[in-house]
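User: I would like to learn how to read the main features of a protein model. Please take me through one case.

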Amino acid sequence: MSTFTKVLLATDLSPQADKLTECLFSLCPDTETEVVLAHVFDDDDDADPDGSSYKRTQSRLEGYKNDIEQAGYEEISIVTRTGDISETVQGLAEEYDADLVLVASHRKGFLKRALMGSTTFDLARATNIPLLINKAEPHEEQENLLRTIMVPTDFSRKSLEALNIIRSLREFVGKVIFVHVIEHSRNKHDYKEKYGSAMLFLQELVDEMKIFGIEADYHVSHGVASKKIAAICERDDVSLIMMAKTGADMTNGDELGSTSENVVLNVDCAVMLVPAEENDD
């Protein structure tokens with residue numbers, strides 16, 4: 001049984017967003033999953049039910065619904081709203097009690113142009129449920145997101161929240177790669193101690209995955225965490241990064257930690273941001 005029982009698929013009807021249905025199929029293989037197809041108009045004229053824009057939008061959303069129904073899902077609803085896209089999507093997620101939000105990123109320019117002000121980053125900062133940011137371009141084939149999953153970890157409980165999702169999807173997960181980056185060390189001796197401790201902990205995580213029947217591996221690296229994560233992601237052909245929104249040392253009040261932010265910006269694969277439990281130490 002999947003962790004996700006109700007999913008909000010928020011689409012801007014772009015070619016990139018067309019690929020979100022495949023993300024749904026990968027992450028929610030249980031066809032009893034409820035799906036809410038959402039589109040937010042940012043112009044009142046486009047939201048006029050008698051207007052051509054509204055009718056085109058409804059037709060596109062019905063097309064999404066038909067595709068999802070063809071895959072065996074039965075509980076599918078369509079909802080449209082008008083307003084600020086990020087705030088409205090967040091509100092819809094709460095209104096419909098969704099436990100996963102799917103959005104598409106226009107990675108070639110959208111994030112690059114508006115790092116701090118984009119809808120994607122506003123959602124990433126604000127949402128308190130898992131957020132999947134898909135980055136597949138229109139010309140690219142949408143791959144199975146669960147083929148190779150990377151889990152960056154600083155060994156805090158927060159950074160390992162993704163394991164609950166992976167365990168629930170263990171029958172469908174191909175491989176998990178754990179990554180720990182040592183960003184700071186006082187000297188060579190300190191680095192060797194941190195490296196050795198990291199290897200022991202990561203091996204425990206790998207062994208746990210193997211108990212669940214999941215192939216797993218790990219990497220320990222040294223440098224800037226977001227850059228090392230991006231490099232390993234490309235080298236190992238990672239299909240999805242699952243990571244916490246914040247790390248153990250990111251307590252400055254920003255809901256989206258700098259490492260998470262830079263990973264979302266710089267990697268080409270899909271990213272799932274997983275909020276940590278509030279009572280985590």
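This is a predicted model: local features need pLDDT of at least 70, side-chain atom pairs count only at pLDDT 80 or more; totals for chains, interfaces and linings use all residues.

User: How many helices and strands does the protein have?

Analyst: Helices (H or I, at least four residues) and strands (E, at least two) are DSSP runs, numbered from the N terminus. Here there are nine helices and 10 strands.

User: What share of the residues is buried?

Analyst: Buried means under 20% relative accessible area, exposed over 50%, and partly exposed in between, with a 1.4 Å probe and protein chains only. Of the 281 residues in the protein, 52% are buried.

User: In what order do the strands of the sheet lie?

Analyst: Two strands pair if DSSP finds at least two bridges between them. In this model, 10 strands make an open sheet with mixed pairing, in the order β3-β2-β1-β4-β5-β10-β9-β6-β7-β8. The edges are β3 (76-82) and β8 (215-222); each has a single partner strand, so one side of each lacks a neighbour in the sheet. From one strand to the next, the twist averages 20°. K6 has E34 in β2 as its bridge partner.

User: Which strands does helix α8 lie across?

Analyst: Two terms come in here. A contact means heavy atoms within 4.5 Å. Axes are lines fitted to C-alpha atoms, for helices over the stretch in contact, and angles run from 0 to 180 degrees between N-to-C directions. Helix α8 (residues 225-235) lies across β6 (148-152), β7 (175-182), β8 and β9 (240-244), at about 150° to β7. Helix α9 (residues 258-266) also packs on the sheet, where it touches β5 (131-134), β9 and β10 (270-274), and its direction makes about 160° with that of β9.

User: How many aromatic pairs does the structure hold, and how is a pair described?

Analyst: A pair of aromatic rings is described by the distance of the centres and the angle of the planes. Rings of Phe, Tyr and Trp (its six-membered ring) pair if their centres lie within 6.5 Å; planes under 30 degrees apart count as stacked, over 60 as edge-to-face and the rest as tilted. The structure holds four such pairs. One of them, Y191 with Y195, is tilted, at 5.9 Å centre to centre and 45° between the planes. Y191 and Y195 are four residues apart in helix α7 (residues 188-211), which means that about one helical turn separates them. Y191 is partly exposed, with a relative accessible area of 25%, and Y195 is partly exposed at 30%.

Terms used:
Residues are numbered from 1 along each chain as its sequence is written. Side-chain values use heavy atoms; hydrogens and water are left out.
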